[in-house]
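Biologist: Got the chain and its ligand open on my screen. Can you walk me through the fold?

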Amino acid sequence: MPRRWFDRGRVVGGRAAARVGVRPWPGDTPTMRGMESGSDCLFCRIVAGEIPATVVRETDTTLAFRDINPQAPVHVLVIPKEHHADVVTLAQANPALAGEVLGTAAAVAESEGLRADGFRLIFNTGPYGGQEVFHAHAHVLGGEPLGPMRAR
Ligand code: AMP
Ligand code: ZN
């Protein structure tokens with residue numbers, strides 16, 4: 001009996017879908033993207049070394065790498081190596097790991113020279129928060145005045 005796209009309640013896409021001969025999930029909503037992990041998740045693939053990234057810091061449990069589309073002179077993403085869809089599920093499932101993400105973000109701010117002038121730490125969460133990658137991540141932004149928190 002071949003595996004099907006709904007096996008184990010997670011989306012099978014890309015190479016996994018090709019292997020089992022199914023099409024990807026038809027309704028690619030943020031909710032469903034939130035269920036991605038492993039080979040379906042971009043940041044899990046960076047952790048696995050399958051997709052290259054410019055790593056600036058690594059611990060046993062976290063990884064920090066430069067954003068591919070920087071919005072400021074310094075723009076680093078800090079992620080837990082373990083997959084959690086967003087910061088809320090991360091904090092609920094593993095509060096110690098959430099603290100380690102914060103610690104790595106602080107260390108990145110120091111090593112990137114952002115401590116003196118300040119910086120911004122953002123967790124975009126869900127559709128209203130503009131989250132695009134559903135693996136929890138903090139944005140560390142700095143290197144110039146960042147302006148008001150929201151464009152109005
Ligand atoms: P968010 O909108 O908060 O989910 O942020 C996702 C971020 O991931 C965006 O700022 C993207 O530019 C960034 N991003 C997407 N793909 C990559 C990649 N392969 N390497 C580094 N950053 C990426
Ligand atoms: Zn992931």
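Biologist: Is glycine 142 buried or exposed?

Modeller: Buried, because 22 C-beta neighbours lie inside 10 Å of glycine 142, and the cut-off for buried is 20 or more. Keep in mind that this is a predicted model.

Biologist: Where is glycine 142 placed?

Modeller: In strand β5.

Biologist: What is glycine 142 in contact with, leaving aside neighbours within four places in sequence?

Modeller: Ala72, Val74, Ala109, Glu112, Leu114, Gly118, Phe119 and Arg120. Take valine 74 from that list. Valine 74 is 68 residues away from glycine 142 along the chain, yet their C-alpha atoms are separated by 5.1 Å.

Biologist: Which strand does β5 meet over five bridges?

Modeller: Strand β3, residues 74–80. β5 covers residues 138–142, and the two run antiparallel.

Biologist: How many residues of β3 are buried?

Modeller: Six of seven, so β3 is mostly covered. β2 is mostly covered too, with four of its five residues buried.

Biologist: How do β2 and β3 pair?

Modeller: Antiparallel, over five bridges. Arginine 66 has valine 76 of β3 as its bridge partner.

Biologist: Zoom out. What is the strand order in the sheet?

Modeller: β1-β2-β3-β5-β4. The sheet is open, has five strands and is antiparallel in its pairing. β1 (55–58) and β4 (119–122) are the edge strands, each pairing on one side only. Neighbouring strands are turned by 20 degrees against each other on average, direction ignored.

Biologist: Which helix lies across the sheet strands?

Modeller: Helix α5, residues 95–111.

Biologist: On to the core. Which members of the largest nonpolar core touch the most others?

Modeller: Ala64, Val76, Val78, Ala105, Val108 and Val140, out of 27 residues. α3, β2, β3, α4, α5 and β5 each supply at least two residues of this core. As a general point, nonpolar side chains tend to be buried together in soluble globular proteins.

Biologist: What share of the chain counts as buried?

Modeller: 27% of the 152 residues.

Biologist: Among contacts between residues at least 6 apart in sequence, what fraction join residues at least 24 apart?

Modeller: 54%.

Biologist: Now the ligand. Which residues are around ligand 1?

Modeller: Leu42, Ile51, Ala53, Asp67, Ile68, Asn69, Leu77, Asn124, Gly130, Gln131, Glu132 and Val133. By class, that shell has six nonpolar, four polar and two charged residues. Leucine 77 has come up already: it stands opposite histidine 139 in β5.

Biologist: Glutamine 131 is in that shell. Where is glutamine 131 found?

Modeller: In the loop between α6 (126–129) and β5.

Biologist: Why does glutamine 131 count as buried?

Modeller: Because glutamine 131 has 20 C-beta neighbours inside 10 Å, and 20 or more is the cut-off.

Biologist: What does glutamine 131 contact, leaving aside neighbours within four places in sequence?

Modeller: Asp86, Asn124, Thr125 and Gly126. Asn124 is also one of the residues around ligand 1.

Biologist: How far is aspartate 86 from glutamine 131, in sequence and in space?

Modeller: 45 residues apart in sequence, and 8.6 Å apart from C-alpha to C-alpha.

Methods: Residues numbered from 1 in each chain as written. Chains lettered and ligands numbered in written order. Predicted model: local features only at pLDDT ≥ 70, side-chain atom pairs only at ≥ 80, totals over all residues. Near = placed C-beta within 6 Å. Nonpolar A, V, L, I, M, F, W, Y, C, P; charged D, E, K, R; others polar. Pairing = 2+ DSSP bridges. Axes fitted to C-alpha atoms, helices over the stretch in contact; angles between N-to-C directions. Contact = placed C-beta atoms within 7 Å. Buried ≥ 20, exposed ≤ 12 C-beta atoms within 10 Å, placed from the backbone. Core = buried A, V, L, I, M, F, W, Y, C linked by C-beta atoms within 7 Å.
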